Amino acid sequence: MTLLQRRRDMHALSAEAGMPSTSVVESSILITAPLETVWQYTIDVNRWPEWCPTIQAASVQDADQLSIGTEFSVKQPLQPKRRWQVTELVPNKVEAWRTIDEKERFVARHVLVDNRTSIESTLQLRFVPTWWPIQSLLTLAFKAALNRENRALKVVCERSS
């Protein structure tokens, strides 16, 4: 999937979520581990705090497995606890979710591409800045967080394979 296709997909998700002008951040990394391993760590929301330094708490509501419509909550440092809903789920390829709260709208997407020798993991976040003067700072902070999350995913997947 090209960068242009990824951005087009994110724009479609934003329009679907009724989001006005948004900011987008993205992080990609190559992981040398089986696709199934990377996917299992990706979809096991309840275990994200065990390996991801940017997640303090996470829990899925009323479900054993993720599916479209599944709701979960995530608490991250310096942020309020947020409720999310799965909007897209293609096994071993894509998962996407959006915030449920009307005040703060975020759309997140995780795309996995099997390159035969490694897995390309791309994290994307689209958000509507609630206060425009700090948009640049938020963009930098979210980019740094996505980079940390992807690096942590790489470490945990490569250790376990």
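Predicted model: local features only at pLDDT ≥ 70, side-chain atom pairs only at ≥ 80, totals over all residues.
Trainee: How much space lies in the largest pocket?
Mentor: On a 1 Å grid over the protein atoms alone, a pocket is an open set of points where a 1.4 Å probe fits, with protein on both sides within 12 Å along at least five of seven lines, and lining residues have an atom within 4 Å of a point. Grid points are joined across faces, edges and corners, and a volume is the space filled by probe spheres set on the points. For the largest pocket, this space comes to about 820 Å³.

Trainee: Which element gives the largest share of the lining of the largest pocket?
Mentor: The lining has 41 residues, and those closest to the pocket centre are Gln76, Gln79, Phe142, Ala145 and Glu149. Elements are DSSP runs numbered from the N terminus, with helices (H or I) of at least four residues and strands (E) of at least two. Among the elements that give two or more residues to this lining are strand E3 (71–75), strand E4 (82–90) and helix H4 (135–160). The largest share, 10 residues, comes from H4.

Trainee: How many salt bridges are there?
Mentor: A salt bridge is a side-chain nitrogen of Lys or Arg within 4 Å of a carboxyl oxygen of Asp or Glu. By this rule, the count comes to 4.

Trainee: Which residue forms a salt bridge with arginine 83?
Mentor: Arginine 83 lies in strand E4 and its partner lies in strand E3, 12 residues apart, so that the pair links distant parts of the chain. The closest N and O atoms are 3.2 Å apart, and the partner is glutamate 71.

Trainee: How far apart are the closest N and O atoms of glutamate 158 and lysine 154?
Mentor: Both residues lie in helix H4, 4 residues apart, which is about one turn of the helix. Each is partly exposed, a class that lies between buried (under 20% relative accessible area) and exposed (over 50%), with a 1.4 Å probe and protein chains only, since glutamate 158 has 28% and lysine 154 has 25%. Their closest N and O atoms are 2.9 Å apart.

Trainee: Which side chain of opposite charge is nearest to glutamate 95?
Mentor: Glutamate 95 is in strand E5, and this residue is buried yet has no salt bridge. For charge, Lys and Arg count as positive and Asp and Glu as negative, while His and the chain ends are not counted. The nearest side chain of opposite charge, 10 Å away, is that of arginine 109.

Trainee: What is the phi of leucine 78?
Mentor: Most residues other than glycine have a negative phi. Leucine 78 is found in the loop between E3 and E4, and it counts as exposed at 89% relative accessibility. Although leucine 78 is not a glycine, its phi is positive, at about 60 degrees.

Technical notes
Residues numbered from 1 in each chain as written. Heavy atoms only, no water.
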